[in-house]
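Please view the sequence and the structure alongside the points below.

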Amino acid sequence: MADEQIQTNRPTPFGYELIRDHVIPSILGKHEGDILYWAGKEIARKFPVFTTEEIPTFFTEAGWGTLSLEKMTKKEAIYQLFVAAPPVNKDDRNYQLEAGFIAEQHQKLNGYLTECYASVNPKQQTIQFQLAWDMKETIDS
């Protein structure tokens with residue numbers, strides 16, 4: 001457990017931050033959120049998990065931060081993300097890549113059309129992901 005704690009608290013590499021916070025937004029412009037969401041879904045397809053418990057492990061290994069499942073009901077789930085460099089305000093970083101990843105993993109696991117919305121909480125220095133799925137809209141795996 002001590003090794004895991006050290007690994008989850010490691011700082012994000014500066015090169016990753018440069019690309020993620022400066023290069024990508026300047027290239028994608030106003031379409032950044034949409035493109036990152038679909039890119040997250042594509043990453044999830046290439047790196048599938050077999051249980052929802054594996055999603056936080058992927059976040060840690062990818063260097064995206066420490067993710068925890070806060071709430072799960074029949075139709076929704078809420079995750080909390082703690083990042084090495086917490087957001088100072090809402091405009092610091094777009095978290096649609098992570099939202100798309102979580103949405104696609106849940107969609108694959110539960111078989112229902114799933115969407116995920118990210119919101120930054122600067123007071124708690126966390127990002128919340130709220131997932132919802134439509135049990136009337138099934139998806140073939």
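Helix 5 has 15 residues and reaches 21 Å from its first C-alpha to its last, close to the 21 Å expected at 1.5 Å a residue; the expected span is 1.5 Å times one less than the number of residues. Helices (H or I, at least four residues) and strands (E, at least two) are DSSP runs, numbered from the N terminus. The model is predicted: local features need pLDDT of at least 70, side-chain atom pairs count only at pLDDT 80 or more, and totals for chains, interfaces and linings use all residues. Residues are numbered from 1 along each chain as its sequence is written, and side-chain values use heavy atoms, with hydrogens and water left out.

- The buried residues of helix 5 include Leu97, Phe101 and Ile102, together with Glu98, Glu104 and His106.
- Gly111, with a positive phi near 80 degrees, follows helix 5.

- Four strands form an open sheet in the order 1-2-4-3, with antiparallel pairing; two strands pair if DSSP finds at least two bridges between them.
- Strand 1 (66-72) and strand 3 (112-121) stand at the edges with a single partner strand each, so one side of each has no neighbour in the sheet.
- From one strand to the next, the twist averages 20 degrees.
- Helix 5 (residues 96-110) packs on the sheet and touches strand 1, strand 2, strand 3 and strand 4, a contact being heavy atoms within 4.5 Å.
- The direction of helix 5 makes about 150 degrees with that of strand 3; axes are lines fitted to C-alpha atoms, for helices over the stretch in contact, and angles run from 0 to 180 degrees between N-to-C directions.
- Strand 2 (residues 76-82) and strand 4 (residues 126-138) pair in the antiparallel sense over six bridges, and Leu81 has Ile127 of strand 4 as its bridge partner.

**Helix 2**
- A kink of about 30 degrees is centred on Arg20 in helix 2, the bend being the angle between axes fitted to the seven residues ending there and the seven starting there.
- Gly29 follows helix 2 and has a positive phi, near 55 degrees.

**The whole chain**
- The protein chain has five helices and four strands, running α-α-α-α-β-β-α-β-β from the N terminus on.
- Of its 141 residues, 35% count as buried.

Note on methods:
Buried means under 20% relative accessible area, exposed over 50%, partly exposed in between (1.4 Å probe, protein chains only).
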